Amino acid sequence: MTSQNINAAASGTWKLGDLHVNRLGFGAMRLTQDGPAFTRDSAPSDRARAIGVLRRAVELGVNHIDTAAFYFSPLRSANELINTALAPYPDDLVITTKVGPGRSLAGEFVPHATPGQLRGQVEENLRQLGRDHLDVVNLRIVGDDSIAERFGALADLREAGLIRHLGLSNVRPHHLAEAQAIAPVVCVQNMYGLGAGPEQEAFLRSCGEQGVAFVPFYAIAGTGREAGTGGAEHEEVLAVARAHGVGAAEIRLAWTLHRGPHVLAIPGTGNPDHLTANVAAGSLRLTAEDLALLDSVGRTG
């Protein structure tokens, strides 16, 4: 089987509540523009190409797509592209979105939503996606303050049938404990990748022990964040990539998936070739020697 035909099912599966997903998914943040996300000078993406990437992702077995209403650029909305490309949605497709952050029509970020404003954000995602309920909604936060009121507001919407499952994004362990006292949490979406610190590693393991999916963002981009990959790659990563005949991005994704059966990956791209390579990374099996070398990244003095 060539990399062009490797299915996302090769990455294994996990259950988000009662929803089965392949562990190699797709993040929609980079779909709407060419260049860094959330910047005014990034050119809008080619609409036909973006729609083609989404459809090809599903053809390759991707059944977990991560998005948000605040993923937009001039002329493009990730949710609208998903709706156009994939509706009527396949029965097994899980669309995860996030609420909390907001952006003005000019593209500037505005203060995070209050508990009373979260319903409006949920309804906007429903409208853009053309759904009557959202599969998974992550509450994304900034800071260490209590999330009880905000998460409680989403729990109420879950009880009302607008949301099927709840998750958290950009949180710390005490936030997960606080949320779980209110309603079940199916996933934690945090920044994580090669070179992660001990606290991040401990939180990832704790999520697994609790049966909560851990969904890293920027697993490929790392400190490049919204701008994507850039700069020189670590020689350790390049060495493992050469040994497997793939690129550095695929090794970073494979390493991520090796962190535990509860770890999912949501690499995003607007490039069909990158999509194929990302999905194929789910089939890579790293050796103990590979993992030891990669685990040394960022930890050598």
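Which residue forms a salt bridge with arginine 56? The first close-up takes up that pair, and the other views follow from there. This is a predicted model, in which local features need pLDDT of at least 70 and side-chain atom pairs count only at pLDDT 80 or more, while totals for chains, interfaces and linings use all residues. Residues are numbered from 1 along each chain as its sequence is written, and side-chain values use heavy atoms, with hydrogens and water left out.

**View 1**
The partner of arginine 56 is glutamate 59, with 3.1 Å between the closest N and O atoms. A salt bridge here is a side-chain nitrogen of Lys or Arg within 4 Å of a carboxyl oxygen of Asp or Glu. Arginine 56 and glutamate 59 are three residues apart in helix α1, so about one helical turn separates them. Helices (H or I, at least four residues) and strands (E, at least two) are DSSP runs, numbered from the N terminus. An α-helix has 3.6 residues a turn, so residues three or four places apart point the same way. Arginine 56 is partly exposed at 26% relative accessibility, whereas glutamate 59 is exposed at 54%. For these labels, buried means under 20% relative accessible area, exposed means over 50%, and partly exposed is in between (1.4 Å probe, protein chains only).

Across the whole structure, a search finds 16 salt bridges. One of them joins the side chains of aspartate 34 and arginine 49, at 3.4 Å from N to O. Aspartate 34 belongs to strand β4 (residues 33-34) and arginine 49 to helix α1 (residues 47-59), so this pair ties together parts that are 15 residues apart in sequence. Both ends are partly exposed: aspartate 34 has 39% relative accessibility and arginine 49 has 35%.
Look next at arginine 40 and glutamate 108, whose salt bridge has its closest N and O atoms 2.7 Å apart. Arginine 40 sits in the loop between β4 and β5 (43-44), and glutamate 108 in the loop between β10 (102-103) and β11 (109-110), so the pair ties together parts that are 68 residues apart in sequence. Arginine 40 is exposed, with a relative accessible area of 59%, while glutamate 108 is partly exposed at 40%.

**View 1. Asparagine 125, a buried polar residue in helix α3.**
Asparagine 125 is found in helix α3 (residues 118-129), and its relative accessible area of 1% makes it buried. What does the side chain of asparagine 125 reach at 3.2 Å? That atom is the backbone nitrogen of alanine 69. The side chain of asparagine 125 also makes a polar contact of 3.0 Å with the side chain of asparagine 79. A polar contact is a pair of N or O atoms within 3.5 Å; within protein, one must be able to donate a hydrogen and the other to accept it, and residues adjacent in sequence count only if both atoms are side-chain atoms. Not counting residues up to four places away in sequence, asparagine 125 touches residues including Thr97, Lys98, Val99 and Leu134, where contact means heavy atoms within 4.5 Å.

The buried residues of helix α7 (residues 235-244) are Glu236, Val237, Val240 and Ala241. They lie on the same side of α7 because they cover an arc of only 135 degrees around the axis, the arc being that of the directions from the helix axis to the C-beta atoms. Arg242 and Ala243 are exposed on the other side of α7. The cover over the buried residues includes α8 (248-257) and α10 (288-295). After α7 comes glycine 245, with a positive phi near 70 degrees.

**View 2. Valine 186 in its loop.**
Valine 186 lies in the loop between α5 (173-180) and β14 (187-189), and at 9% relative accessibility it is buried. The C-alpha atoms of valine 186 and glycine 211 are 7.8 Å apart, although the two residues are 25 places apart in sequence. Beyond its neighbours within four places in sequence, valine 186 has contacts that include Leu16, Val136, His165 and Val212.

**View 3. The nonpolar cores.**
The largest nonpolar core has 81 residues, and Ile82, Val122, Leu154 and Leu168 have the most contacts inside it. Helix α8 gives the largest share of this core, six residues. A second, separate core of 12 residues includes Trp14, Val94, Val215 and Ile266. A nonpolar core is a set of buried Ala, Val, Leu, Ile, Met, Phe, Trp, Tyr and Cys residues joined through side-chain atoms within 4.5 Å.
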